Structure formats: structure tokens, C-alpha cells
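This briefing covers helix packing and nonpolar cores. Please look over the sequence and the structure before reading on.

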Amino acid sequence: MRVSFDIGGTFTDLVLLDDVSGRAWLGKCLTTYDDFSRAIEQGIRQVLDAAGTGADAVGDSVVGATTLVTNALIERRGADTALLTTRGFGDTLEIGREWRYDLYDAQLKLPEPLVPVAQRFEVTERLRADGSVATPLDLDEVARIADRLAELGVESVAVCLLHSYASAAHEEAVGKVLADRLPGVPVTLSGHLVPVIREYERTVTTLANAYVRPVAGEHFADIERAVGRLGIDQPLVLMQSNGGVISTPTAREHPLRLLESGPAAGAIGAAYVGRRLGLDRLIAFDMGGTTAKVCLIEGGRPTVHHGFEVGRVHRLKAGSGLPVSMPVVDMLEIGAGGGSIAALDDLGLLKVGPHSAGSRPGPAGYGLGGDRPTVTDADIVLGYLDPDYFLGGRMSLDVEASRRAMVEHLGAAFGDDPLAAAAGVVRVVDEHMALAMQVHATERGHDPRTFTMLAFGGAAPVHAARVARTLGLREVVIPSAAGVLSATGLLVAPPMVEVSRTHLTELAGWQPGTVADLYDGLVAQAAAELAQPVDRVERFVDMRFVGQGFEIEVPVADGDGPAQYLEAFATEYARVYGTRPDYDRAEVVTWRVRVYGRFAQPELVRTVPPVADGPAPARSRTVWFPETGPVEAPVLRMLEQRPGFTVTGPAVLQLPESTAVIGPGDEARLDDDGNLHIRIDLPAVQVPLTEVGA
């Protein structure tokens with residue numbers, strides 16, 4: 001058996017999979033912020049008990065995803081860190097890219113650097129862009145700086161010297177001095193972590209890794225101890241932001257690779273379900289307790305990009321956050337989750353999110369001390385969520401508390417009518433998500449109406465049909481493990497390490513021996529981090545026309561030469577920009593490999609329903625829809641229905657970890673794997689998205 005966990009902002013999700021039969025048992029616990037491992041330990045016990053087995057049945061690695069790295073950066077809860085850089089470059093963090101993300105904002109705010117000026121130290125040395133030495137490294141000066149760092153009591157050190165992507169020799173020499181004089185203090189070298197061009201991004205990335213490294217190491221150790229207390233004698237492996245899993249020792253050294261591990265796991269899980277169903281074009285819609293994530297999946301896999309912003313000052317304004325040069329699944333994150341708080345602004349207008357009630361105190365309906373109205377409270381008031389079957393009946397909801405929160409905080413705009421206030425909250429959040437999805441798809445050259453939506457997470461199945469209707473999508477799929485699909489994705493993700501290196505090479509100056517050496521070095525580095533036999537290698541390059549400032553990623557094959565590289569680049573360039581210039585001077589900027597370990601992907605056939613004293617009795621409750629107002633709708637347990645089951649909305653299908661809401665006129669059908677397919681009853685003439693709510 002295999003077990004996985006995904007630590008989210010509100011809930012920690014778990015899956016226990018019998019990889020012989022394909023049966024899966026699911027678990028969900030409130031995330032324990034004081035010690036994340038407590039929820040993991042509680043949840044693993046929960047799924048083992050549900051399966052009627054013990055810890056010795058777990059015969060493979062425990063796979064996990066965590067929000068700790070992201071939260072530590074956003075909330076500034078990392079280690080006391082110092083930065084060593086080339087003389088004259090101590091202000092790189094302030095200078096940045098020398099451009100404003102909003103030209104017309106006179107009060108423009110930028111993210112605060114992760115280290116103060118007093119903890120940035122300049123080292124006498126300089127390399128040229130080709131890696132040759134312009135100014136020798138002053139090791140005595142480095143020793144004096146190390147002694148000063150010891151006096152300051154720093155907990156972690158980042159070293160980012162000029163042009164270390166071309167040669168890491170100076171950084172490695174600095175690292176040796178620091179290791180000798182600061183025993184036990186982790187040192188992150190940019191030439192090992194991210195040897196690519198662009199000084200500002202490389203400095204921020206190196207510093208961010210150093211900043212979270214000590215707290216991440218403690219976090220991983222806590223989880224390993226929790227797994228050990230359960231009696232599971234298996235190693236811990238962790239999901240990266242690019243959709244592959246790595247060993248814990250590698251994650252301890254490079255925790256920044258886990259920046260978006262949970263959302264990446266969700267995208268991998270969605271791609272897995274899509275492949276099983278033969279769906280080639282998916283909008284993966286993951287809405288949990290804190291945020292919603294959107295990812296486009298084509299050809300059975302999500303796109304991976306090599307840049308990400310953390311802690312934006314303005315959530316929707318690119319350039320207002322800390323740029324991190326790490327591979328990450330391409331997705332859009334929206335501040336709209338079940339715990340997103342609704343409020344009236346100074347003009348009396350309704351706003352939802354991005355602030356969240358989290359798991360403590362949580363929505364008002366949780367009865368844990370929260371009193372602010374949230375999206376979950378709106379879903380409770382509208383009848384979408386069953387107060388007696390939340391988390392499969394393990395948690396009760398307080399309907400009256402949700403209604404009170406609606407009236408006390410939103411009543412002034414809705415005549416003190418909790419139903420009207422809840423309907424307003426749901427409409428705002430659904431249209432906000434629909435518009436964000438349309439923008440995300442359109443920016444990538446797609447019409448979202450040509451995709452199928454696959455909805456998962458605790459809240460997405462509640463809202464998916466309405467969002468799809470607004471977008472004009474005709475089909476929504478709710479997986480049988482929808483509430484914990486990210487944890488499912490962890491179990492089907494292969495071991496994979498991705499490494500890159502900048503080496504500017506114009507195709508006209510192609511040298512086969514140099515190219516072979518570059519790839520050999522990258523594969524050797526990745527294989528060492530993978531720590532297991534290599535199964536396959538994928539190659540990519542970042543290319544541009546000579547004279548351009550930025551590049552695009554191009555897949556290439558082993559044995560390709562400059563002619564094949566130019567043709568692949570021109571084809572990808574035309575796909576991205578819609579034109580193919582009559583110009584053939586192109587260059588490779590960065591070389592990249594993804595190295596995969598051997599992995600037998602398990603088959604998840606069907607989710608096992610919770611143990612009960614027989615099937616749930618037929619029942620119904622009053623549910624609100626904009627087309628009908630309050631209406632009596634059947635309430636059914638989804639996992640208890642047989643394959644081929646169909647129902648026409650309005651209806652509510654309950655999962656232990658989520659709820660699927662079927663709108664009036666929509667048709668829902670269960671397939672052989674227990675996935676729910678909803679056919680949206682769209683009008684003959686659809687209203688353009690920009691006119692909805694006008």
C-alpha cells in the first residue's frame with residue numbers, strides 16, 4: 001500500500017492506496033498550524049483504520065506536499081539570513097529590474113527584501129561572463145565576514161556572486177570558508193541552486209532558498225518523526241513545484257523547489273484522471289479552503305514554466321512580488337476559497353477575499369470561534385452543504401452561526417436577508433473565478449469553451465457547474481476522489497529532478513563536444529540528486545533570436561544538431577507569437593534536463609465509501625439556485641451509486657470530503673470509475689462573459 005498527504009491552508013488531505021486492487025481510502029483533517037505533523041499523524045491513522053489495516057501494510061515511500069515554504073516566505077517566518085555577494089552588488093535587491101509594475105501609482109510599494117542591508121556583505125572578487133577571473137577572490141576577507149556572521153548569530157547564508165552561472169569556483173571557495181567557520185549553518189550557493197542568467201532573479205531565488213532552509217528542515221524532521229511514531233518504516237519523499245517528487249535530503253538542501261508543491265500535485269492528479277478518461281484538453285479547477293487554482297492541461301500533462309512570484313504586494317499585478325527562478329506548473333492562483341471572507345467596502349459594495357478565515361477560527365459555520373461570513377458560510381445558508389455530513393459526518397456545521405454572520409456583516413446591503421446575502425457572495429466569487437479562468441486561457445491562446453472542466457478540492461465541486469455555465473463550458477467532471485485529488489496526484493507522480501545551466505551558444509558557433517559536455521554534466525547532477533537509477537531523460541533549451549532580451553523554452557531530442565534546434569525554435573516561436581520571422585540568427589541561452597527515476601504508476605480504480613450501517617436513506621432539502629430560488633432537491637451519496645447512475649438537476653451529490661451541486665436542467669452521470677460527468681444545460685444563445693452581471 002501507498003499513503004500520501006497534502007498540507008493545505010485549511011485542511012490536510014490524505015489518501016491510502018492499495019496499488020494491487022486500485023482501491024483508495026480518503027481522509028481529511030483540519031490543518032494544525034502549531035505543528036503540521038499532528039494533522040498528518042491523525043489523518044494517516046484515520047485512513048489506516050478505514051481500510052482495517054496497520055502501518056506495516058504501507059510498503060512504499062510516504063509522499064507529501066506542503067504549504068510551509070510558501071507561507072514562510074509570504075509571512076516572513078524564515079531564518080535569520082545573511083547574503084554574500086560581489087563587491088558593488090549589495091543593493092541588487094533594491095535596484096531589482098529598474099521598472100515599475102504600475103506606472104501611475106504614486107505610492108508604489110515593492111516587497112521588502114528578505115534580509116536587511118546590515119546583513120548583506122560584499123566580497124572582493126569578480127568573474128567575467130565567460131567564467132574567467134577579472135578580480136581574484138579575497139579569502140581573508142571572506143574569513144573576516146564569516147567571523148562577523150558568527151557574532152551576529154545568523155542561521156543561514158546565501159552566496160550569490162556575479163556570473164556564477166558560468167563558473168561556481170569562487171562561490172565554492174566562499175562556501176568552504178563558511179563551512180569551516182560556521183559549523184551547522186546551512187550555506188546556499190547560487191551556482192549550485194540556480195546557475196542561470198539575470199542577477200536580480202538569481203539573487204532573490206538563492207536568498208529565498210536560504211531563508212526557508214532551516215525551518216523547512218525542522219518541518220520535514222517533524223513529519224518523519226510522526227510517520228515513525230505510526231510505525232511506518234518507509235522514507236518520506238516530497239512533491240516539487242514542477243510535478244515530480246524528490247527525496248527528503250534533496251528537499252532539505254533545495255526546499256524552494258517545493259514552493260507550489262500542493263497545487264502542482266493537484267495538476268498532476270487532474271492530468272492522471274484526464275488520461276484515464278481520454279480527455280486531452282482540461283481546465284483543472286482546484287478550490288480549497290484558502291485559494292482557488294486554475295491550470296490548463298493539454299496532451300495529458302500540465303505546462304511547466306521557469307519563473308514564479310511570491311508574496312505579491314498586489315495579488316493581480318505581475319512584478320509586485322519576489323521573482324523566483326524555479327520550475328513550476330503553470331497555473332493561476334485566485335484569492336477565492338471556502339474560507340475567503342466576505343465584507344462590505346467603504347462604498348457598501350460586496351467584496352469576497354483574498355483574506356481567509358483559515359482552519360482556525362475558520363468560517364462561522366465551523367463553530368470554532370469564527371464570526372466573519374465566508375464562502376463556506378454562504379454555501380451552508382444556500383443549502384449546498386449538509387450540516388450533518390461535512391467531512392463525511394466527522395464534523396458538524398452550525399447553520400444558524402452562518403446565517404448570523406451573513407446578517408451581522410452583510411445585512412446592510414441585503415435587507416438583513418441571510419439568503420440574499422449568501423446568494424450575493426456566491427455570485428461574486430463564481431463570476432470572479434470565471435473571469436480569471438477566461439483571462440488565463442485567453443492569454444495562452446485558448447478559448448476556454450473548447451475545454452472540459454475537471455473540478456476538485458473541497459469547494460470546487462460545489463461551484464464548478466455554475467462557473468462552467470458562466471464560461472460557456474459544456475462538461476464538468478468531478479472525480480470520485482475530488483475532495484483530496486491533490487493527495488491522489490502525489491501517488492501517481494514520478495521521481496524527477498530538473499536542472500538548468502546558462503551557456504550562451506549561437507547556433508552558428510555550435511560545438512558538438514561542448515554541447516555533449518553540457519548535457520553530460522546536467523544529467524550527472526540530476527542523477528546524483530535523484531539518488532536512484534535513471535529511467536529516462538528529457539531535454540529542453542531556452543532560445544531566442546540574437547538581439548532579443550528574453551527567450552522561450554523549446555523541447556529538443558538527443559542527437560539533434562543546430563538545424564533541428566533552429567526548426568524547433570521557429571515552430572515554437574510561431575505557436576507562441578503567431579508569426580515566424582524571416583531571420584535565422586538564433587542562440588541557446590539556457591540548457592535544461594528533466595531526469596526521471598523508475599516508477600510504476602499505480603491504478604486508482606475506485607474510492608472506497610466510508611463504513612456505514614447500510615446505504616443512506618433517500619432524502620432531500622431546500623437548496624437555492626438563481627433560476628428557481630429555494631427549491632426542494634434530492635440529496636444522494638455519490639460513492640454509494642452504481643456506475644451508469646444518472647440524475648437531472650437540481651440535485652446534490654455528497655462525497656465524504658466534498659459536495660457536487662447539480663444545477664437545474666444539468667444532467668449528471670457516473671462512469672465505471674465513480675467519476676461524475678455533468679452536462680451543462682447551456683442556453684441556445686450564450687451571453688458573452690464580459691456582459692454577465694452587467
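Is the crossing of α4 and α5 left-handed or right-handed? The crossing of these two helices, α4 and α5, is right-handed. The model is a predicted one.

**Helices α4 and α5**
- Helix α4 spans residues 139–152 and helix α5 spans residues 169–181; they pack at an angle of about 40 degrees, with axes 9 Å apart.
- That angle makes α4 oblique to α5.
- On the α4 side the contact is formed by Leu139, Val142, Ala143, Ala146, Asp147 and Leu149, and on the α5 side by Ala173, Val174, Val177, Leu178 and Arg181.
- Nine residues of this contact of α4 with α5 are nonpolar, none are polar and two are charged.

**Helices α12 and α13**
- Helix α12 (residues 418–443) packs against helix α13 (residues 460–471) at about 55 degrees, with the axes 9 Å apart.
- α12 and α13 are therefore oblique to each other.
- α12 passes α13 in a right-handed crossing.
- Residues of α12 in the contact include Val426, Met433 and Met437, and those of α13 include His463, Val467 and Leu471.
- The contact of α12 with α13 has seven nonpolar, three polar and two charged residues.

**Nonpolar cores**
- The largest nonpolar core has 111 residues, and Phe285, Val425 and Met433 are among those with the most contacts inside it.
- α12 gives the most to this core, with eleven residues.
- Leaving aside residues up to four places away in sequence, Phe285 touches residues including Met433, Met437, Met453 and Val467.
- A second, separate core has 77 residues, among them Leu114, Leu193, Val556 and Phe569.

Note on methods. Residues numbered from 1 in each chain as written. Predicted model: local features only at pLDDT ≥ 70, side-chain atom pairs only at ≥ 80, totals over all residues. Heavy atoms only, no water. Axes fitted to C-alpha atoms, helices over the stretch in contact; angles between N-to-C directions. Helix = DSSP H or I, 4+ residues; strand = E, 2+ residues; numbered from the N terminus. Parallel < 35°, antiparallel > 145°, perpendicular 65-115°, else oblique. Left-handed = near helix turned anticlockwise from the far one by under 90°. Contact = heavy atoms within 4.5 Å. Nonpolar A, V, L, I, M, F, W, Y, C, P; charged D, E, K, R; others polar. Core = buried A, V, L, I, M, F, W, Y, C linked by side-chain atoms within 4.5 Å. Buried < 20%, exposed > 50% of the residue type's maximum accessible area, 1.4 Å probe, protein only.
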